[in-house]
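I opened the model to go through its strands, helices and aromatic rings. My notes follow in the order in which I looked things up.

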Amino acid sequence: MRFKDVFSIIGPAMTGPSSSHTAGAVRLGRMAHHWVGSTPERCVMTLYGSFADTYKGHGTDLALLGGLLDYNTDDARIIDAEEQATRAGMTYEFVTSSLPALHPNTVRIDAWQAGRKSTLVGSSIGGGNIQVQQLSEFRVNLTGELPILTLLHSDKPGMLGAITTALGASGVNIAYMHVDRTGRDGEALSAIETDSIIPRPLLEYLQSLTYMYEVKVMDIRNTAK
């Protein structure tokens, strides 16, 4: 877990009673929305620990749905997230699990869009802060405090060098970088947290690289909508 200053316990501006059970849940849902690339058609959310025990009473269910619709933590529409999700054409299910998790406030989000399944596992760690531990089959350690560039590519020599060189040439500074792979010469995921927004020409260049499969940006910082 990364160091937080004392002001982190104040929490963000939010709709809902709890920074851990609502604001953090909204941000986890938004991370899943950005990982899928849009509002999913179908979603199954498996809740662990205190999330499983109190998700209805604390509004965690509404918060997760609001995040999947890409709402900010302070969006008044979160209160009506069930109706909003139905209007958006999203079907959803909440499942509780008694299995142990990395943190008491943990959710696994399995989402489907156009026949493709995407998975996110993450925890709300207090004060509206989150920690994402898994994106599909890849291990990560992401907080959502900075823009995140995710690159799915083949595990070939020189790929990481080409990626980091391109970022440096575009003036994009890397704050944190996480790399995991399915196996040697298999698929790899590079998740890079940056100090600035990724310019579109850079995204297009990265997508054009040989052995690059998919490039996405996940940015859940509260923005005007």
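Helices and strands here are DSSP runs numbered from the N terminus (helices H or I, at least four residues; strands E, at least two). The model is predicted, so I kept in mind that local features need pLDDT of at least 70 and side-chain atom pairs pLDDT 80 or more, while totals for chains, interfaces and linings use all residues. Residues are numbered from 1 along each chain as its sequence is written, and side-chain values use heavy atoms, with hydrogens and water left out.

**Sheet.** I then looked up the pairing of β8 with β9 (residues 187–194), which is antiparallel over 7 bridges; two strands pair if DSSP finds at least two bridges between them. The open sheet has 4 strands in the order β8-β9-β7-β10, paired antiparallel. Which strands stand at the edges? They are β8 (174–181) and β10 (212–218); each has a single partner strand, so one side of each lacks a neighbour in the sheet. From one strand to the next the twist averages 15°.

**Helices on the sheet.** I found helix α5 (residues 159–169) packed on the sheet, where α5 touches β7 (148–154), β8, β9 and β10. Contact means heavy atoms within 4.5 Å. The direction of α5 makes about 150° with that of β7. Axes are lines fitted to C-alpha atoms, for helices over the stretch in contact, and angles run from 0 to 180 degrees between N-to-C directions. Helix α6 (residues 200–208) lies across β7 and β10, at about 155° to β10.

**Helix α3.** I checked burial next (buried is under 20% relative accessible area, exposed over 50%, partly exposed in between; 1.4 Å probe, protein chains only). In α3 (residues 60–68), 8 of the 9 residues are buried, so the helix is largely enclosed by the rest of the structure. Among the buried ones are D61, L64 and L68. D70 follows α3 and has a positive phi, near 70°.

**Rings.** I counted 2 aromatic pairs, with ring centres of Phe, Tyr and Trp (its six-membered ring) within 6.5 Å; planes under 30 degrees apart are stacked, over 60 edge-to-face, the rest tilted. Y92 and F94 have ring centres 5.9 Å apart and planes at 70°, so this pair is edge-to-face. Y92 is partly exposed at 28% relative accessibility, and F94 is buried at 19%. Y55, Y92 and F94 form one aromatic cluster.
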